[in-house]
Amino acid sequence: MKMINQILFVPLAMVAALVLFTASPARAVVEIDINRANVEPLPIAITDFISSDGVGAQIAEVVAADLKRSGLFAPISKAAFIEKISNPDVAPRFEDWRVINAQALVTGKVVREADGRLRAEFRLWDTFANQQLSGEQFFTRPENWRRVAHIIADAIYERLTGEKGYFDSRVVFVSESGPKTARQKQLAIMDQDGANLRMLTNANDIVLTPRFSPSRQEITYMSFEGGQPRVYLLQLETGQRELVGNFPGMTFSPRFSPDGQKVIMSLQQDGNANIYTMDLRSRSTTRLTNTAAIDTSPSYSPDGSQIIFESDRGGRQQLYIMGADGSNQRRVSFGDGSYSTPVWSPRGDLIAFTKQSGGKFSIGVMRTDGSGERILTTGFHNEGPTWAPNGRVLMFFRQPAGAGGPQIYSIDLTGYNEQLVTTPTYASDPAWSPLLE
């Protein structure tokens, strides 16, 4: 178990997971084809987990909320339930659940062990095939009940879609408060559903562009501490902060390499900006672009072999790809308007971007060769997409016209499931973590 700034997280390896039953090898009736353009949400019944102190109902509520937010599931109102589950170890009356069109059913229980730990169990049932699809149990400290709920939601998501879930993850972002002309900006972190929010920095210095390491619970970000832009590393487990480098001029958009051993960023000198990498062990830098333009917002492909970035070398901001050593630089965006903030999908198949055209800002995706461009959402000022760990959902921030401040939204790749992520302050520049371990 590890302590992260007074919040206890149990590593997955220490959360005992035991398959209780194995589903029949026969093909299940209930499943979701996640690759369809417009998926009809699957009706699913999620019963309160049996417990003596109410935590079972809380876990079931978080599981239902996670699945509903994905846009792939439609939890059925508990008022419609016919059978009252009293023993989740016994097969349910499947006909009672088919009557209310529950194509899948989740039951479970939570028991407090003699050593104080919680043992949370769940079972996923196919009500039309009359069989159990999966069942697991987890042991954890009581304060980690929300994380167990996210892990259960991930297990259900994966069993019914064939894709990894994304609920057991966190988002780091810039929390903004105060008047628009004197906005205070702090780094903050929260669960992907907005819960368990806590501040990582104070409001004394402006902070920008936080980004997660793909291999450690660590972030890199920009800070204007002391009036100079500097790039820092912050260890989330210990709160230890480390200066990456003190570079002359402006520093923009630091981001980790896929192995977590380098930081790639844009450094401005003499009016232009070029892309550099820094080896975090030797602290040596390597220059990758050398133009009189502004090259910025670099993002690695998942295998580390290529880099997507934005550049105005052609007269306006467009997207370019190059090899990890700076070779073979080529333009990949050719639509109307300008393109910025590119981010490579963790699946390796798509690039998300911000597009400015016709006085509006859009969030879109394209294939890695620039083809198949699709706009997912358009608004007064949308910016800064970040990918969920499974590459199926994006978060971004939206600044409204007039009064008010930015807020974070999520949207899936269909563009049909856009949702506000509620935060207590204004929020911008989200960055999604990998799945927790």
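1. Let me start with the make-up of one void: the lining of the largest cavity has 7 nonpolar, 3 polar and 2 charged residues. Bear in mind as you read on that this is a predicted model.

2. Who are they? The residues lining the largest cavity are Arg-69, Tyr-166, Phe-167, Gln-192, Val-393, Met-395, Ser-410, Ile-411, Asp-412, Asn-417, Val-421 and Trp-432. If you want to set up a probe there, the space comes to about 100 Å³. The count of cavities of 30 Å³ or more is 4.

3. On secondary structure, strand S29 (393–398) and strand S30 (407–412) each give at least two residues to that lining. S30 has the largest share, with 3 residues.

4. Now for helix H1, which covers residues 55–69. Its 15 residues reach 21 Å from first C-alpha to last, close to the 21 Å expected at 1.5 Å a residue. Arg-69, part of the cavity lining, is also where H1 ends.

5. Which residues of H1 are buried? They are Val-55, Gly-56, Ile-59, Ala-60, Val-62, Val-63, Ala-64, Asp-66 and Leu-67. A charged residue, Asp-66, sits in that list. As background, an α-helix has 3.6 residues a turn, so residues three or four places apart point the same way.

6. As for what covers those buried residues of H1, the cover includes strands S4 (42–46), S5 (73–75), S6 (104–112) and S7 (118–126), along with helix H3 (145–161).

7. One backbone detail to look at: Gly-71, which follows H1, has a positive phi, near 80°.

Methods
Residues numbered from 1 in each chain as written. Predicted model: local features only at pLDDT ≥ 70, side-chain atom pairs only at ≥ 80, totals over all residues. Heavy atoms only, no water. 1 Å grid on protein atoms, 1.4 Å probe; cavity = no way out; pocket = protein on both sides within 12 Å on 5 of 7 lines; lining within 4 Å. Points joined across faces, edges and corners; volume = space filled by probe spheres on them. Helix = DSSP H or I, 4+ residues; strand = E, 2+ residues; numbered from the N terminus. Expected span 1.5 Å × (residues − 1). Buried < 20%, exposed > 50% of the residue type's maximum accessible area, 1.4 Å probe, protein only. Contact = heavy atoms within 4.5 Å.
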